[in-house]
Amino acid sequence: ILAPLLLAWGVEAHVAIPAILFSQALGAVGASVTHHRLGNARFIGPSADLEIAATTAFPALAAVLLGVVVAVQIPSTWVRWYILVVVLSMSVLVLFPREYRFTWWKCWLIGILAGFNKALSGGGYGPIASIGKIAAGVEAKRSVATTTLSELLVCGAGFMAYSAAMDTDLQVLWPLAVGAVGGGLIGPWLAKVIPKEPLRGTIGLLGFVAALWLVAAP
């Protein structure tokens, strides 16, 4: 939702995407700790949750570097339309989910797709990774929690890659970082207490609204 909103407000894609990556890396730190404390997942010691997070994160790290290379080479207008298509697709998957049998290779594939998309659009890692894992058979709260931990690594790597490839604009970066840290502390608690069906519908509708706003923006 954040990427199309920033683009609709007139922020250039090559400015918005690194700022989103940086802010979400910071937000994921507090969110991962909070998910663990609330029991949404277990991140201390050997655990299936750490394995799921790692299986998604490691292939995503390679894909996110490829995504940065592509993003800095193509026009911002192309990135804008790519984000629009991704947001609409994710909204449809949220509102009309399908479920499949869990396998580890699906987690690897989800990680590659989510990592590339994150670098190219600034968003979509959470929806692709969490919805993909839910569809692959991972319980919803564990899916969200493990996605948050893996997103910490992916966003950090993506921001460093952008910083090496181009100058980053701090004017947008720090306000987003403050909001992301606050949201990272509140989000895991909401994931624990809010029934998933109303939350799923709300997120799907917000995605459609953001996409429509981006289409209408000059």
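Biologist: Which helix holds Leu-7?
Modeller: This is a predicted model. In it, Leu-7 lies within the run of residues 2-8. That run is helix 1.

Biologist: Is Leu-7 buried or exposed?
Modeller: The relative accessible area of Leu-7 is 5%. Buried means under 20%, so Leu-7 counts as buried.

Biologist: What distance separates the C-alpha atoms of Leu-7 and Trp-213?
Modeller: Along the chain, Leu-7 and Trp-213 are 206 residues apart.

Biologist: Is helix 2 roughly parallel or roughly antiparallel to helix 7?
Modeller: Two packed helices are described by the angle and the distance between their axes. Helix 2 (residues 13-38) and helix 7 (residues 140-165) have axes 8 Å apart and pack at an angle of about 150°. Angles over 145 degrees count as roughly antiparallel, so helix 2 is, relative to helix 7, roughly antiparallel.

Biologist: Is the crossing of helix 2 and helix 7 left-handed or right-handed?
Modeller: The pair in question is again helix 2 and helix 7, with axes 8 Å apart. Their crossing is left-handed.

Biologist: Which helix gives the most to the nonpolar patch?
Modeller: The patch is on the surface and has about 730 Å² of accessible area together. Its members are Leu-26, Trp-174, Val-181, Leu-185, Ile-186, Trp-189, Leu-190 and Val-193. Seven residues come from the run 170-193, which is helix 8.

Biologist: Is Trp-174 buried, partly exposed or exposed?
Modeller: Trp-174 sits in helix 8 and belongs to the nonpolar patch. Its relative accessibility is 46%.

Conventions: Residues numbered from 1 in each chain as written. Predicted model: local features only at pLDDT ≥ 70, side-chain atom pairs only at ≥ 80, totals over all residues. Heavy atoms only, no water. Patch = residues over 30% accessible without salt bridge, like charges linked within 9 Å, V, L, I, M, F, W, Y side chains within 5 Å. Areas by Shrake-Rupley, 256 points an atom, 1.4 Å probe, with all protein chains shown as cover. Salt bridge = Lys/Arg side-chain N within 4 Å of Asp/Glu carboxyl O. Helix = DSSP H or I, 4+ residues; strand = E, 2+ residues; numbered from the N terminus. Buried < 20%, exposed > 50% of the residue type's maximum accessible area, 1.4 Å probe, protein only. Axes fitted to C-alpha atoms, helices over the stretch in contact; angles between N-to-C directions. Parallel < 35°, antiparallel > 145°, perpendicular 65-115°, else oblique. Left-handed = near helix turned anticlockwise from the far one by under 90°.
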